[in-house]
Amino acid sequence: MYEFDFSFLNDYLPDLIRGIWLTIGMTVASILPGFLLGTLVAVARLRGRPWAQRIATIYVEAIRNTPLIIQVFWLFFGLASLQVHVGPFAAAVIALIINVGAYTAEIMRAGFQTIPRGQLEAASCLALSPFQSLVYVEVPQAVERVYPALVSQFVLMMLATSIMSQISAEELTGVAYMIQSFTFRGFEVYLVIAVLYLGLASLLRVVLMGIAEVSFPRRRRLRTSL
């Protein structure tokens, strides 16, 4: 009968903590740039010049229809063959930004399309420039409308960091590979890793929803009035 043995936790706890911090670092470093990139691409697809719309469409379709691991390999190994060397952490973060940016673009595009035309006309009547209308009227409303989808996408991005060990970025899954190769306790190791990912995903969701509570007071008022 199989006997569970989690004694490896005592010996490898520092490695697990290091993996957790690297996973968190990749996630935090990717969320805001990925959101900004996705928003710019969404605007380009909706209101850009024809050439900008084509470039944005090609970018979104190319990224959304190729595996993230191929994108990471291209950045890390492909550029190295061209004498452009990118470190594992930097390659991982850049790949995550590019990847989540494409998905965020489609989410934000849907958010922009839900804004009533009257809002844009009102902004024009107030003499707001197109840029001011975008920043102060459209983006806040679009983000509020699609925020749950954005949160889910960012959580998926955090979980996607698990493949970055393939380029020697020793995040949580990379640490698990190492521990398993020394202890031969694959079941216990990956059970612990699964629990840690569940905790990280739950923590990220709580933090992002907390940001929503602060950023979208209208939601609080509506919830309080119910």
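Of the 226 residues in the chain, 41% are buried. The model is predicted. The chain exposes about 12700 Å², and carbon and sulfur atoms supply 69% of that area. Along the principal axes, the C-alpha trace spans about 75 × 55 × 25 Å.

**Fold and contacts**

The secondary structure consists of 9 helices and 0 strands. Read from the N terminus, the order of elements is α-α-α-α-α-α-α-α-α. Among contacts with a separation of 6 or more, 78% join residues 24 or more positions apart. A212 and F77, for their part, are 135 residues apart in sequence, and their C-alpha atoms are 38 Å apart in space.

**Nonpolar cores**

The largest nonpolar core has 54 residues, and those with the most contacts inside it are M108, F112, V143, L150 and M164. At least two residues of this core come from each of α1, α3 (68-81), α4 (88-113), α6 (130-160), α7 (172-183) and α8 (186-215). The most is given by α6, with 12 residues. Apart from this core lies another, of 8 residues, including V41, Y59, I63 and A105.

What does L150 touch, leaving aside its neighbours within four places in sequence? The contacts of L150 are F35, T104, I107, M108 and V143.

**Helices α7 and α8**

Helix α7 has 12 residues, which should span 16 Å at 1.5 Å a residue; the end C-alpha atoms are 16 Å apart, so the two values agree. Its buried residues are L172, T173, G174, V175, A176 and I179. The cover over these buried residues includes α1 and α8.

Helix α8 has 30 residues and reaches 43 Å from its first C-alpha to its last, close to the 44 Å expected at 1.5 Å a residue. Buried in α8 are G186, E188, V189, V192, I193, Y197, L200, A201, L204, L208 and A212. These residues pack against α1, α6 and α7. A212, which lies in helix α8, counts as buried because its relative accessible area is 3%.

**Loops with positive phi**

S168, in the loop between α6 and α7, has a phi of about 70°. F184, in the loop between α7 and α8, has a phi of about 60°. Is F184 buried or exposed? F184 counts as exposed because its relative accessibility is 67%.

**Salt bridges**

The count of salt bridges comes to 5.

| Pair | N to O distance |
|---|---|
| R45 and E106 | 2.6 Å |
| E138 and R47 | 2.3 Å |
| R109 and E106 | 2.9 Å |

R109 and E106 both lie in helix α4, 3 residues apart, which is about one turn of the helix. R109 has 22% relative accessibility and so counts as partly exposed. A network of salt bridges links R45, E106 and R109.

R47, at 45% relative accessibility, counts as partly exposed.

**Surface patch**

A nonpolar surface patch of about 610 Å² is made by Y2, F4, F6, F187, L191 and V195. Y2 is placed in the segment before α1 (8-47). With a relative accessible area of 44%, Y2 is partly exposed.

Definitions and conventions: Residues are numbered from 1 along each chain as its sequence is written. This is a predicted model: local features need pLDDT of at least 70, side-chain atom pairs count only at pLDDT 80 or more; totals for chains, interfaces and linings use all residues. Side-chain values use heavy atoms; hydrogens and water are left out. Patches are made of residues with over 30% relative accessible area and no salt bridge: like charges are joined within 9 Å, nonpolar side chains (Val, Leu, Ile, Met, Phe, Trp, Tyr) within 5 Å. Accessible areas come from the Shrake-Rupley method with a 1.4 Å probe; for residues, only the protein chains shown count as cover. A salt bridge is a side-chain nitrogen of Lys or Arg within 4 Å of a carboxyl oxygen of Asp or Glu. Helices (H or I, at least four residues) and strands (E, at least two) are DSSP runs, numbered from the N terminus. Buried means under 20% relative accessible area, exposed over 50%, partly exposed in between (1.4 Å probe, protein chains only). A nonpolar core is a set of buried Ala, Val, Leu, Ile, Met, Phe, Trp, Tyr and Cys residues joined through side-chain atoms within 4.5 Å. Contact means heavy atoms within 4.5 Å. The expected span of a helix is 1.5 Å times one less than its number of residues.
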